[in-house]
Amino acid sequence: MRRGFSYAVVSVMFFGSCRAEQDDIMASFEKALVKPDITACYDASVPIFNRMRDEGYLVNTQKPNELLTRVADLVLDKRIISEDPNKDGKRLDSMENFMWQIVYCDAIARTNVYFLKLADYLGSETVIPTNNLLEEVQLARDKDKALVDSGAIKLEPIFVARYPRTPNLRMFFEKYHRIQSWNSDVKSHRKTVAWIFSNRLGQYLRSLKKEDAEAFRKLFTARAKLSKEEESLFFPGKREEGK
């Protein structure tokens, strides 16, 4: 999905046919991007990008920058909604798809505005701590034991594939696997975002004096809540950070 969308936008930028542009295209695009669900934004924007390609809207090289700057303005303020864990993967993919387009915008590497928006986005999409799960599982066991001892529930005679037989342990089991799934997805997502933006970040840092570059790197790392491993991905080798 990601590659197809990327190729579509690149073709919009460079191979659009020279037809008359429509005044309502940008309005339609902005309407698509104000949807609260990032997946809905993605689904609604793809046909508009296709229309831009067909109508030659982006033949003028200034227009892609205007468009992608607006994408950055609208998309980087969004957050992943995790009400349905089965859709988390698609939501993360949708955000990555938009990021693949944002990174092509020339304006991105000229200022820290969008990098700080990116850092704040990453800082809000992190792994869920699991250091308190031992206490939760013991509490669930205690509650279920009380239910069994009181006669409120009876244990099922067959124990299948380690799936808990009691209600509180089942709830904990389901919660644990949701957390594990999310943590795995968001770790992968953050690494992908690093791969997308590391070159642009390096380009921006090389435009700064050494002390300013170091200060910005520390600020980005703190606001994005980067681990040591993630920091090395966003700033590989801290190479040529400033003059």
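**The core and its surroundings**

Guide: In the largest nonpolar core, which has 52 residues, Phe29, Met99, Phe197, Phe220 and Phe234 touch the most other members; a nonpolar core here is a set of buried Ala, Val, Leu, Ile, Met, Phe, Trp, Tyr and Cys residues joined through side-chain atoms within 4.5 Å, and buried means under 20% relative accessible area, with exposed over 50% and partly exposed in between, for a 1.4 Å probe and protein chains only. At least two residues of this core are supplied by each of helix 2 (25-33), helix 3 (38-55), helix 4 (62-75), helix 5 (88-102), helix 6, helix 8 (167-206) and helix 9, where helices are DSSP runs of H or I with at least four residues, strands are runs of E with at least two, and both are numbered from the N terminus. Helix 8 gives the largest share of this core, nine residues. The model is predicted, so local features need pLDDT of at least 70 and side-chain atom pairs count only at pLDDT 80 or more, whereas totals for chains, interfaces and linings use all residues. Residues are numbered from 1 along each chain as its sequence is written, and side-chain values use heavy atoms, with hydrogens and water left out.

Phenylalanine 220 touches Phe115, Leu118, Ala119, Leu122, Leu201, Leu226, Phe234 and Phe235, leaving aside residues up to four places away in sequence, with contact meaning heavy atoms within 4.5 Å. Phe220 also belongs to the contact between helix 6 and helix 9, which is made by Phe115, Leu116, Leu118, Ala119, Asp120, Leu122 and Gly123 of helix 6 and by Phe216, Leu219, Phe220, Arg223 and Ala224 of helix 9. Helix 6 (residues 113-124) and helix 9 (residues 210-224) pack at an angle of about 30°, and their axes are 7 Å apart; the axes are lines fitted to C-alpha atoms over the stretch in contact, and angles run from 0 to 180 degrees between N-to-C directions. The two helices are therefore roughly parallel to each other, a label for angles under 35 degrees, while those over 145 count as roughly antiparallel, 65 to 115 as roughly perpendicular and the rest as oblique.

In the loop between helix 6 and helix 7 (133-150) lies glutamate 125, which is buried, with a relative accessible area of 5%. Glutamate 125 touches Arg79, Ile80, Trp182, Val186 and Arg190, again not counting residues up to four places away in sequence.
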